[in-house]
Amino acid sequence: MDAAIKSIRPGKPADKPESRPAELDPAEFLAAAVRADQPRPARAEAEAAVKTLLAYIGENTEREGLLDTPRRVVEAFDELYQGYHQCPAEVLDRTFGETAGYDDFVLVRDIEFTSQCEHHMMPFYGKAHIAYTPVERVVGLSKLARLTDIFARRLQTQEHLTAQIAAAIDEVLKPRGVAVLIEAEHTCMSVRGVAKHGASTFTSRFTGMFRDNPAEQARFLSMVRGMQR
Ligand SMILES: [Zn+2]
């Protein structure tokens, strides 16, 4: 099955007539572009909570194979959710500064990522494609991958992940425009719920010239699509 669906998020009006995408909400960037550190419970409390979940699913938490599991799960969480302790703006702040007359967009395609859905805390994974048209400030290409990882290593919806990447680039680099396309498979849909494997969800966000100029959008999409598979 290779179905492409618009959105698996319920309650979102997918067919709302909209001639052009909404402006980026500055609050969305501000919330996303700083370290999201919150006061948090002690590690021992987190491990105890995992033990509670093990008991809840019907396990004997004292059996040997599970003794270290709470510790391992919390360690895995530290890794999967490290994005809360990283700052997206800092990653983009180190720019080269010189475009040397370059006036087309820069596209980085096929940035692989894994994130966790905020509804089920189950992985969704796929590829991000990011383009921006620099005015003065250019970043190293690896920074766009780093930026994607920082947002991906938080609880997310695919829509927010897409919007936050676009907003961060827009805000920090002040380019002529940003285009972000994300395609992903959601395990909360492929291994639970309707249990459909291989369904992809596509989300996109365009700002500036990409938002205002359908020809630029089309060129971005054909460069993302055309050379792949
Ligand atoms: Zn989910």
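This is a predicted model: local features need pLDDT of at least 70, side-chain atom pairs count only at pLDDT 80 or more; totals for chains, interfaces and linings use all residues.
**Reading pockets, a zinc site and burial**

Q: What volume does the second largest pocket have, and which residues are the closest to its centre?

A: On a 1 Å grid over the protein atoms alone, a pocket is an open set of points with protein on both sides within 12 Å along at least five of seven lines; a cavity is a set where a 1.4 Å probe fits but cannot get out; lining residues have an atom within 4 Å of a point. A volume is the space filled by probe spheres set on the points, which are joined across faces, edges and corners. Here the second largest pocket has a volume of about 690 Å³. Its lining consists of 22 residues, and Arg40, Ala46, Phe77, Asp78 and Tyr81 are the closest to the centre.

Q: Which helix gives the most to this lining, and how do the residues divide by type?

A: Helix 2 gives the most to the lining of the second largest pocket, namely 6 residues. The lining of this pocket comprises 15 nonpolar, 2 polar and 5 charged residues. Beyond helix 2 comes glycine 58, which has a positive phi near 105 degrees.

Q: How many cavities of 30 Å³ or more are there, and which residues line the largest cavity?

A: The count is 1 cavity of 30 Å³ or more, and the largest cavity has a volume of about 30 Å³. The residues that line the largest cavity are Glu185, His186, Met189, Ser190, Lys196, Ala199 and Thr201. At least two residues of this lining come from strand 5 (177-186), and at least two from helix 7. By type, the lining of the largest cavity has 2 nonpolar, 3 polar and 2 charged residues.

Q: Which residues are the protein donors of the zinc ion?

A: Donors are N, O and S atoms within 2.8 Å of the metal (3.2 Å for Na, K and Ca). For the zinc ion they are Cys117 (SG), His120 (ND1) and Cys188 (SG), at 2.2 to 2.3 Å. Cysteine 117 in strand 2 (residues 106-117) and cysteine 188 in helix 7 (residues 187-190) are 71 residues apart, and the pair links distant parts of the chain. The donor spacing in sequence is C-x2-H-x67-C.

Q: Are cysteine 117 and cysteine 188 buried or exposed?

A: Buried means under 20% relative accessible area, exposed over 50%, and partly exposed in between (1.4 Å probe, protein chains only). Cysteine 117 is buried because its relative accessibility is 3%. Cysteine 188, with a relative accessible area of 8%, is buried. In the chain of 229 residues, 41% are buried.

Q: Where does leucine 155 lie, and which residues is it in contact with?

A: Leucine 155 lies in strand 4 (residues 155-156). It counts as partly exposed because its relative accessibility is 26%. Contact means heavy atoms within 4.5 Å. Neighbours within four places in sequence aside, leucine 155 is in contact with Tyr81, Tyr84, Gln116, Cys117, Glu118 and Met121.

Notes:
Residues are numbered from 1 along each chain as its sequence is written. Side-chain values use heavy atoms; hydrogens and water are left out. Helices (H or I, at least four residues) and strands (E, at least two) are DSSP runs, numbered from the N terminus. Ala, Val, Leu, Ile, Met, Phe, Trp, Tyr, Cys and Pro count as nonpolar, Asp, Glu, Lys and Arg as charged, and the others, Gly among them, as polar.
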